[in-house]
Amino acid sequence: MERRQLPPDDGLIGQGSLPGAFRLGYPMVRGHWDEMVDANGWLRPQWENVIEALSTFPHEEMISRWERGQRLIRENGVTYNVYRDPRGLDRPWQLDPVPMILSAQEWRGIEDAMIQRAGLLDRILADLYGPRDLLSEGLLPPALVFGHPAYLRPLHNVAPPGERHLHLYAADLARAPDGQWWVMSDRCEAPSGAGYALENRIIVARTLPEVLRSQPVEPLTPFFHKLRETLYSLSPRHRESPRIVLLTPGPYNESFFEHAYLARFLGYTLVEAEDLTVRNDHVYLKTLDGLQLVDVILRRTDGAYCDPLELKNESTLGIAGLVQAVRRGNVAVANALGSGLLESGAMAPFLPHLARRLLGEDLKMPSVATWWCGGSRERQHVLTNLDHMVIKPAYPGESAIPQPVFGEHLSSIRSAELAKAIRLRPHAFLAQERLKLSTAPVWSNGELDPRPLMLRVFVAAHDGGFVVMPGGLTRVAAERSGNVVSMQFGGGSKDTWIHAEEKTPLFAPLRTIEAPVKLVRGANDLPSRVADNLYWFGRYVERSEDSTRLLRAALSRIGNAASYGAADELPVALGLLSRLYRLPEGTDPEEAAATIARMNFDPAHIYGLRSIVERVQRMAAMVRDRLSLDTWRAVNRLLDEVSRISLGHRLNTEDLVNLLNQVVLACEALSGLAMENMTRGLSWRFVDIGRRLERGMHVLDVLSNILQPVDAVGVAALDVLLEVSDSAMTYRSRYLSAPQFAPVLDLLLADESNPRSLAFQMVALGGHMDQVAAGRRAAFYGPEQRLSIWLCGAVRTAEIEVLARPDEDGGRRNLGTFLEVLKSKLWELSETVTREYFTHAVGRSAGGNAALREPMP
């Protein structure tokens, strides 16, 4: 292929013309290394085939493909939590379709440097938590180590399994204008981003499959194979199938998606601290089947928060007694507790000497020039050159300076204030040389635009050494002149391609080295917190459908959507909604229906449809490692259907009813996936228990509301009742006549063949209660079983004709009393299920653990 050149220009270095999707060219920024184009405007060799392939796409084709990619991101629920974002926590992951490409030769140098650095940092940790020779020899200042909040004194002289502290390490790299790579920061606590890198590859592979297949690109999955093998080897009991859990701070953490994604990909149980307990110096997983011994914890929680007993006592995100279990060697934690000590950038100036002392060699990739202000000479240098420095906190989470400050952007007053702060608390600050970051092309509005980038490289311990992920997470700034490359500040990401020596499969199944295991059917690792969330997921899904059907029944009887008989039926439909929406007496029925519709799509109205569907999505997010990808897509589709309904001043009821039809279909699709795709284990049972309880309560509510206007229980009321219960066709196929009260009551209350009836729900609940209670192996019925037996018996033995018979004054007091008793018992069953199975699934506030939720920079 003929090499392309972008000719130089006077403003930017060059503005060349590329065909197809990139017809507007590529501007090169003066004074920065560009990853795609060299200083003379030529495409670098590793980019030529990719740009040639991409340039063959017409502009409209590239737009269409990337819209498909963004849709995949939304459907797969790939999110990144941005704190204090007015658009909400769950922001869709930002991914650019054009990859970052490195040659095999250049990557070998990066790989060697990262393996050396990981080994060095691991040996530093071993010394600082062991003999402390580096301190006694004066190679590290004691104040830097002992003043670091991540130095965990209770872990001193506690040797981790295999004497390995770092099992997963990451480094943020940046390239200077001369092409030299520099280490900007080390990630040793709980490095994030590896799961996002894998998801980036999957999205790009589905969006640009022919481009990726045509290139010899190193696959990513072997890295995860080796990480999994390492974690298996850490088990202190060397069982055939060690129990490994992934400990997450919870759904409010910035990268919770990645936690759930990796847990599902690696086959581990995703847990929060409240799911674990320590008994007799062993860690156990609290499940509905009892306590289960945990062998290895892959943690994504900062070490200082992992044990409120011996570490931060205000932490609500730790497991009391974990340090003692680690000390006894009864559980392995990866990374080892206390490894966050090396995330301090203040360590960087000392690493060259430490490399020569511990490894007998020079660093293969240096850190960017760094000065820790805790030393007097270094502090004076920083104060003298403040205008040319980037000032950062010396320790992660340091409140003195929460974000990097660029000295060149400070006013004289602000610069003086910063200098004063440094003099008052010098140990809390460090300064780094301002590096002009290299740029890479980002596809924006049909053209390639250069953006500053940083590359996060991941390293895993394996077989006595370390292996490097052949790629990583490339992050780009939000704009061409961006100073900060951060997902929290609107930045994006790229898939990172490393040219392979020969073509290899892009993806490989996750292999393991463990011995064959015994065949089992079903899983017994369901924590009560997860069961609680699944239960409410089922309830909110059912509540969404019930609310949509009620609202549709009212709106289809006003305006241009109304049909014959709507005037008689509208008051009945509004009566069914009246328990949730209180309107002034005497309000015109059509005005009342329009007002209720607006309430339903107001996010601030807690009983509105929009709010209920958002709760469906929230519950699904909390248990996403338990839900299939199709189920998650169905949840997103339901939320999209409701979110796109916007009611203006004028209400077009016909269009709104059509939209509500789509919402009903989305609800039914979600329920159908749960029924057809979920294995009949405890997870499915608690989803279905929630659905059956919610549907049973809905049946009782609508029947009770129909009884209130005694003289209105005529054909109009019964038609509405059959419609909202989705039982009109069943009734008409049995009774070739207009609806009558007794047959309708029998169909909705006592007919076990009708999936919308109360009897159907009670039979299903009875079966669930027996199966769930079976794990307790008790000789007697539990309280939830006794209640379900009572409810099922009451409905089965009900004399429908007697209950349907009106009193002398036209009322139906016996039926009303019967329904109230059933409703009371059903609520009691709900409370009993909560008490028996969810009592230790109490929600915990993340508000007091802000430091734990530090965003990925």
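How do the axes of helix α20 (residues 682–707) and helix α23 (residues 741–750) cross, and within what distance do they come? The two axes come within 11 Å and cross at roughly 160°. Axes here are lines fitted to C-alpha atoms, for helices over the stretch in contact, and angles run from 0 to 180 degrees between N-to-C directions. Helices α20 and α23 are therefore roughly antiparallel to each other. Angles over 145 degrees count as roughly antiparallel, those under 35 as roughly parallel, 65 to 115 as roughly perpendicular, and the rest as oblique. The crossing of α20 and α23 is left-handed; that is, the near helix is turned anticlockwise from the far one by less than a right angle, whereas clockwise would be right-handed. Helix α20 makes the contact through Val699, Leu703 and Leu707. Helix α23 contributes Phe741, Leu745, Leu748 and Leu749. Contact means heavy atoms within 4.5 Å.

The model is predicted: local features need pLDDT of at least 70 and side-chain atom pairs count only at pLDDT 80 or more, while totals for chains, interfaces and linings use all residues. Residues are numbered from 1 along each chain as its sequence is written, and side-chain values use heavy atoms, with hydrogens and water left out.

The protein holds 27 helices and 23 strands. Both are DSSP runs numbered from the N terminus (helices H or I, at least four residues; strands E, at least two). Of the 857 residues, 57% are buried. Buried means under 20% relative accessible area, exposed over 50%, and partly exposed in between (1.4 Å probe, protein chains only). Among contacts with a separation of 6 or more, 71% come from residues 24 or more positions apart.

Strand β13 (residues 296–299) pairs with two other strands, β8 and β14. Strands pair if DSSP finds at least two bridges between them. Strand β8 (residues 244–247) runs parallel to β13 and is joined to it by four bridges. Here Val245 has Ile297 of β13 as its bridge partner. Strand β14 (residues 332–334) is also parallel to β13, over three bridges. Strand β13, helix α10 (residues 322–327) and β14 form a right-handed β-α-β unit. In a right-handed crossover, with the strands pointing away from the viewer, the path from the first strand over the helix to the second runs clockwise.

A four-stranded open sheet has the order β15-β18-β16-β17 and antiparallel pairing. Its edge strands, β15 (370–372) and β17 (405–406), each pair on one side only. Five bridges link β16 (residues 389–393) and β18 (residues 429–433) in the antiparallel sense. Helix α12 (residues 376–384) lies across β15, β16 and β18, at about 120° to β15. Helix α13 (residues 412–424) lies across β16, β17 and β18, at about 125° to β18.

A further open sheet has three strands in the order β10-β11-β12, again with antiparallel pairing. Strands β10 (276–279) and β12 (290–293) are its edges, each pairing on one side only. Neighbouring strands of this sheet are turned by 45° against each other on average, direction ignored. Strand β11 (residues 282–287) and β12 pair over four bridges. Thr287 stands opposite Gly290 in β12.
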